[in-house]
Amino acid sequence: MANPATEARKKGMSGKQKAANFLIFIGPEKSARLFKHLSDDEIEQLTLEIANVRQVSMDKMDEIFLEFYEMCLASKFIGQGGIGYAKDVLERAYGEQKTAEIIGRISASLQVRPFDFMRKTEPSQLINFIQSEHPQTIALILAYLEPEKASLILSALPPERQAEVAKRIAIMDTTSPEVIKEVEKVLERKLSSIAPQELTAAGGIKSVVEIINRVDRGTEKTIMEALEVQDPELAEEIKKLMFVFEDIVMIDDRSVQRVLREVETQDLGLALKGASNEVGQKIFRNMSSRASDMLREDIEFMGPVRLRDVEEAQQRIVNIIRRLEETGEIVIARGGGDEVIV
């Protein structure tokens, strides 16, 4: 019996056409929620495809949903234990031929990231494993690990190496697969086959910010002080991204109230104009009823504002938060060393 998903592909139905049919089927409300996670280019392409669809065939939808289910199932197993684990589980359920078809279908979009074995290893073991490596090797490894695990390892390194590794992550751009394979051979010989077949991007300022944001305050201070001496421009770029306005939700209510005493009302209104509901609720909850009502009115009558003005107001508030944290007047919960006792 022919597989429906296979037959759909034989008929030449493209991925965009399948996505368009899927979005039509689930309706405008759910489609709009999905669109929020797509780029402008992707939205434009899907909109054109949707416009070209005259009717949605239930037979086609069955094929699309079956293919979608199979890909989700395979991705789930890959996430749990790697591509070898997924292949083993799927073969038990579908057989070798069907499994090869499913894995092949997602291989174009799937990239098994380098150093996969390290994601399944405890941080304490990783620290012992890599601490004697060259800083560039450590930086390469941390850039591919989850920020939470990478931050634990970075914190455990000797202070004189922390800033060096952080700097190397920040200035890292692309790494050739040959280099990655060579490093993997040294660290774990049997995993050389997982390196992607094209240049892979990892590291960069955002990567190191995600890691530093999760280390304890002492480690952060050590790294930033060293970077301010070694590379002041890089240190400033990292500082700008280390705490964003939306992160206010992570601050305790007492600290939020302290911050609000320093903030200009006009800045607060502008900042909330472009903030999420969660941030807005956090702010309003820490104001008096009268002040909250007045601020809501100010925002309502403010009308359209430039995005640049909103971002500048948010940054001024972030600067206040950073200053109050540095003086010890407020606490921002971070890694394991920053539990707050009330």
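Modeller: Let's start with Asp253, which counts as partly exposed because its relative accessibility is 30%; the label covers everything between buried (under 20% relative accessible area) and exposed (over 50%), using a 1.4 Å probe and protein chains only. Before we go on, this is a predicted model, so local features need pLDDT of at least 70, side-chain atom pairs count only at pLDDT 80 or more, and totals for chains, interfaces and linings use all residues. Residues are numbered from 1 along each chain as its sequence is written, and side-chain values use heavy atoms, with hydrogens and water left out.

Now, what does Asp253 pair with? Its side chain meets that of Arg285 in a salt bridge, 3.7 Å from N to O. A salt bridge here is a side-chain nitrogen of Lys or Arg within 4 Å of a carboxyl oxygen of Asp or Glu. The idea is simple: side chains of opposite charge can pair when their charged atoms come close. Asp253 sits in helix α16 and Arg285 in helix α18 (residues 277-285), so this pair ties together parts that are 32 residues apart in sequence. When I say helix, I mean a DSSP run of H or I with at least four residues, while a strand is a run of E with at least two, and both are numbered from the N terminus.

Stay in helix α16, which covers residues 253-260, and you'll find Arg258. Arg258 has a salt bridge to Glu329, with the closest N and O atoms 2.7 Å apart. Glu329 lies in the segment after α20 (307-326), so this pair links parts 71 residues apart in sequence.

What else does Arg258 touch? Leaving out residues up to four places away in sequence, it has contacts with Leu324, Glu329 and Ile330; a contact means heavy atoms within 4.5 Å.

For a contrast, look at Glu164 and Arg168, another salt bridge with its closest N and O atoms 2.7 Å apart. These two are four residues apart in helix α11 (residues 159-170), so about one helical turn separates them. Glu164 is partly exposed at 25%, and Arg168 is partly exposed at 22%.

Stepping back, the structure holds nine salt bridges. The protein has 20 helices and two strands, and 41% of its 342 residues count as buried. Among the contacts with a separation of 6 or more, 74% are between residues 24 or more positions apart.

How far can you trust all this? The protein averages a pLDDT of 75, and 74% of the residues score at least 70; pLDDT is the predictor's confidence in each residue, from 0 to 100. Over residues 1-10 the pLDDT is below 50, and beyond near neighbours in sequence that stretch has 17 contacts in the model. Residues 335-342 also stay under 50, with 10 contacts beyond four places in sequence.
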